Amino acid sequence: MTVKSDNEVDVDVLVIGAGVVGIYALYRAIDAGFTARTLEAGDGVGGVWYWNRYPEARFDSESYTYGYIFSKELFREWRWREEFATQPEIEDYLNFVVDRFDLRKNISTGQRVVSAVYDETDAIWVVTTEAGETTRARWVISATGGLSVPHLPEIEGLDDFQGEGHHTGAWPHTPIDFTGKRVAIIGNGPSGAQLLPAIVDVVESVDLYQRTPTWTTPLNNAPITSERYEWLHDNFEDIVTVLSTSPSGFLHEPAGKFSTEDSAEARQEFYEKIWTSPGFAKLTSNYYDMTTNRDVNLEFCEFLAKKIRSIVKDPVTADRLIPKDHLFGAKRPPFVTNYFESFNKPNAGLIALKETPIVRVDATGIETTEGHRDYDIIVYATGFDFGTGALTRMGVKGREGLDLSIDWADGPSDFGGFSANRLPNFFFPGGPHGAGGGNYPRYSQDQVDWILDTIIYAREQGYHSFEPTAAQEAIWMSMIETLAPLSIFSVEHSHYYGANVEGKPRKFLLNPGGRGKLHEILDGVSSTENYGGAFTSAHETVAAG
Ligand code: NAP
């Protein structure tokens, strides 16, 4: 292999995507002294927090645990207004970070990458945008996200609708005026569940089209008081330690006990406490055996079902909102304020699609087996081509003719959830098998840190190419396949298995080993000579291990 010298590339590191992960990757690359550039498809930075700008889009991880923790100064300078911030505040924050660290000059927006081809002779990536601009880079970090390709449902007649149709994941920049409109929301995942209460008081009517009920629970949001703000800053180092080491990447206090340690009465009291806990604490602060002990989970589900029945006045609607096919936590639960309460409003309806499926969308509205309803606006809160969607659409071509869209046709194969054999010098933090069952940015930060440390090591040692060997990839994939059946996310009809996209193979797309396994495997590789054969230099020949 011959290798172009570093001054023959346009940049050392090319980052694709300026979302939460991409901004951090660019920051770290520049901080390490590399020349670096980011190509971003949107006209602004923010990634999912740029595109998902529907009313009431907000974090359901605590703002200060989702935001960056690499800089104490930044942690102090940005004062989050709420425990769970809304999209406009999040977008402002990410813009603040970009300017705070002087990254904007390195980011080109409105540049959608359509091709990324590895030049084996020169050991560089040639990356081309839709506009035809080409960048040659030694290293590529594709921070294109797992939830960046909105998925429209396979329903007849979508294009016939003459009103407004919007996907929550590709929301227009011009605010939509819902006042006095007849609205349909299709989908009751976190996006649809957040939108309903946000618009119910201004619309003429809103119908939520629900296929599968979910265990939605209250977000329990609160403003961040001055006392809380000071506490957060006084405890920055401890917070970083917890967020960087805990399996979930949250600050929530663990229950400290198994369900069997409490009496039946004490368990009900405990569930009341859990009901009022913030966001994901309903999973992370719950009994240790909540997701492994079927009996206690069923008991908690019955507690939640009673809550739903006590909130929703119409018993038929309440019953339709109660999940029957999965336990709590088996599917990613939404955490939303006033979701169930919305169904008590006289202008809100629930269409249970298992009973009355959609037949088609037409010019004026939606026809189900029950009849036709007219709408002014249809919102598709129908999710994303999760995990692989962006990467397989980007024209990624690696070594020996590897075409990612073909290679991953039966499901992704990777190492660490961010790299793959035959994709030298190409990383995709936050990609398939990237996140475990916790706070996304904390997992992605682990990955970006490992990637940058690896690139820095390559520079120090004079290596030009990093590529996980086939053997390393096999070890990682074997961990994924062995542990996937044990994941708490056991509902196979969810996007975590690619099940929401017709024709997509049913493969588990998270890291079921969580942070523990991620670190164990990465540490194992980086502690070996030459990273176990993953590095090559100009004078070596690449060999798939
Ligand atoms: P989602 O969780 O995939 O939910 C999609 C919804 O659309 C489901 O209710 C699904 O029903 C329904 N659906 C899909 N195809 C349909 C069809 N053909 N007919 C009828 N219904 C259909 O998508 P999401 O709500 O956008 O959330 C995706 C992910 O984004 C979440 O897991 C989360 O990670 C993230 N998110 C986070 C927040 C936050 O609070 N921070 C907010 C929004 C999203 P089935 O369940 O029956 O498939």
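Visitor: Which of the 25 residues around the ligand come nearest?

Guide: Please note that this is a predicted model. Asn188, Ser191, Arg211, Thr212 and Lys331 come nearest to the ligand, out of the 25 residues around it.

Visitor: Where does a polar side-chain atom of asparagine 188 lie relative to the ligand?

Guide: Such an atom of asparagine 188 is 2.9 Å from an oxygen atom of the ligand. For histidine 495, a side-chain N or O atom is 3.2 Å from a ligand oxygen atom. With arginine 58 the backbone takes part: one of its N or O atoms lies 3.1 Å from a nitrogen atom of the ligand.

Visitor: What describes two packed helices?

Guide: The angle between their axes and the distance between those axes describe the pair. Helix 1 (residues 20-31) packs on helix 16 (residues 440-461) at about 30°, the axes being 10 Å apart. The two are therefore roughly parallel, and their crossing is right-handed. Among the residues making this contact are Tyr24 and Arg28 of helix 1 and Asp449 and Leu452 of helix 16. By class, the contact comprises nine nonpolar, two polar and three charged residues.

Visitor: At what angle do helix 17 and helix 18 pack?

Guide: Helix 17 (residues 470-483) and helix 18 (residues 514-526) pack at about 165°, with axes 11 Å apart. That angle makes helix 17 roughly antiparallel to helix 18. Helix 17 also passes helix 18 in a right-handed crossing. Gln472, Trp476, Met479 and Leu483 of helix 17 meet Lys517, Leu518, Ile521 and Val525 of helix 18. Six nonpolar residues, one polar and one charged make up this contact.

Methods
Residues numbered from 1 in each chain as written. Predicted model: local features only at pLDDT ≥ 70, side-chain atom pairs only at ≥ 80, totals over all residues. Heavy atoms only, no water. Axes fitted to C-alpha atoms, helices over the stretch in contact; angles between N-to-C directions. Helix = DSSP H or I, 4+ residues; strand = E, 2+ residues; numbered from the N terminus. Parallel < 35°, antiparallel > 145°, perpendicular 65-115°, else oblique. Left-handed = near helix turned anticlockwise from the far one by under 90°. Contact = heavy atoms within 4.5 Å. Nonpolar A, V, L, I, M, F, W, Y, C, P; charged D, E, K, R; others polar. Near = heavy atom within 4 Å. Polar contact = N/O pair within 3.5 Å; in protein donor to acceptor, adjacent residues only side chain to side chain.
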